[in-house]
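Please keep the viewer open as you read.

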Amino acid sequence: MTKDFSTKETITWCPGCPNFKILKAFKAAVAELGNRNIAIVSGVGCHAKIYDYINLKGFYGIHGRVLPVCLGIKMGNPKMTVVGFGGDGDTYNEGISHFIHNYRYNADMTMLVHNNQVFSLTTGQATATTEKGFIDGSTPLGLKERPLNPLIMALESGASFVARGYALDVPHLKDLIKQAILHKGFSFIDILQPCIIFHNVVPYFQKNVYKLKNHKQEDFSAALLKARQWDYCFDKDKKVPIGIFYQKTSPAFESYWPQLKKPWHTVLRKPNWQKIIGEFK
Ligand SMILES: Cc1ncc(C[n+]2csc(CCOP(=O)(O)OP(=O)(O)O)c2C)c(N)n1
């Protein structure tokens, strides 16, 4: 049940923040999957607080380093389901190299990016996915660069599962999360999570977000075409597709490293903690 995944922590997101919806969708998804063998990992930022609100074990992160921690957990216990939560700054700025290389590795884990298109916790500076022209204290003359499209970057990096969700469509997001977790390989969902304080584009999304229909998920060219439909800017009233853009079967990291096939992680190790602690005295 969803409430089994709740904690007693006081939630400190701003009232009305779409992060509440991501929390709701995630808890409902894992409750429906009936899987408690999940480790969660977060970055640093507003999104990362989700770690405190989900009753699962894991690691409350380091800014931009969600994916290396996820991969370490997966290598340590290949039977574990691993889910990372990152911000757009966290994942597409500080963590961009991990983002690219993890598509090459294709370990069986899931990355959920709360994309509010700003560094929210530090009060709204521009990230890699902020639209050109965005004005803020750190870009008073308007941001000059064009945003990166993380879907295209994921596809071109060899991703085996690429999706986009919308935090304010909880049932749809819940289904995406379930499918991402069930996917055998590295799955990525860019979740539109408009920050209602520093980057409130809710009206744009309410008007323009639509669900992919009759889209061939195994067709790479079709995926690229759909990913290009919206460029993360808000000047031209473009439609914003959500759903699974691309999914393919390809060998997961755990399957091609022979060391990870053996059940070595189940061997009971008996570390001499006194000796180890002594080395640091
Ligand atoms: C290595 C490092 N760089 C910078 C910071 C400062 N910092 C803390 S939170 C944050 C913003 C996070 O933004 P984002 O990842 O987009 O998450 P959001 O707050 O929007 O959910 C930054 C830059 C930090 N903690 N560590």
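Two strands pair if DSSP finds at least two bridges between them. Strands themselves (E, at least two residues) and helices (H or I, at least four residues) are DSSP runs, numbered from the N terminus. This is a predicted model, in which local features need pLDDT of at least 70 and side-chain atom pairs count only at pLDDT 80 or more, while totals for chains, interfaces and linings use all residues. Residues are numbered from 1 along each chain as its sequence is written.

**The sheet**

Let us begin with the strands. Eight of them form an open sheet with mixed pairing, in the order S2-S1-S3-S4-S8-S7-S10-S9. Strand S2 (57-60) and S9 stand at the edges with a single partner strand each, so one side of each has no neighbour in the sheet. From one strand to the next, the twist averages 20 degrees. Strands of a sheet pair through backbone hydrogen bonds, either parallel or antiparallel.

| Strands | Sense | Bridges |
|---|---|---|
| S4 (residues 110-115) and S8 (residues 187-192) | parallel | six bridges |
| S7 (residues 161-166) and S10 (residues 240-247) | antiparallel | four bridges |
| S9 (residues 209-211) and S10 | parallel | three bridges |

You can find individual partners in the viewer. Val113 has Asp190 in S8 as its bridge partner. In S10, Tyr246 is the bridge partner of Val162, and Ile242 is that of Lys211.

**Helices in contact**

Which helices come within 8 Å of each other by their axes, crossing at roughly 50 degrees? They are H1 (residues 19-33) and H7 (residues 170-182). Here axes are lines fitted to C-alpha atoms, for helices over the stretch in contact, and angles run from 0 to 180 degrees between N-to-C directions. That angle makes H1 oblique to H7; angles under 35 degrees count as roughly parallel, over 145 as roughly antiparallel, 65 to 115 as roughly perpendicular and the rest as oblique. Residues of H1 that meet H7 include Lys21, Ile22, Phe26 and Leu33, and among their counterparts in H7 are Val170, Leu173 and Ile181. By class, this contact of H1 with H7 has ten nonpolar, no polar and five charged residues. For these classes, Ala, Val, Leu, Ile, Met, Phe, Trp, Tyr, Cys and Pro count as nonpolar, Asp, Glu, Lys and Arg as charged, and the others, Gly among them, as polar.

The axes of H3 (residues 66-76) and H5 (residues 96-105) come within 9 Å and cross at roughly 30 degrees. These two helices, H3 and H5, are therefore roughly parallel to each other. Leu67, Pro68 and Leu71 of H3 make the contact with His98, Phe99, Asn102 and Tyr105 of H5, where being in contact means that C-beta atoms, placed from the backbone, lie within 7 Å. The contact of H3 with H5 has five nonpolar, two polar and no charged residues.

**Around the ligand**

The ligand is surrounded by 18 residues, and the closest are Gly45, Gly87, Gly89, Asp90 and Ser120. A residue is near a molecule if its C-beta atom, placed from the backbone, lies within 6 Å of it. Helix H4 (residues 88-94) gives the largest share of this shell, four residues. By class, the shell has four nonpolar, eleven polar and three charged residues.

Key:
Contact = placed C-beta atoms within 7 Å.
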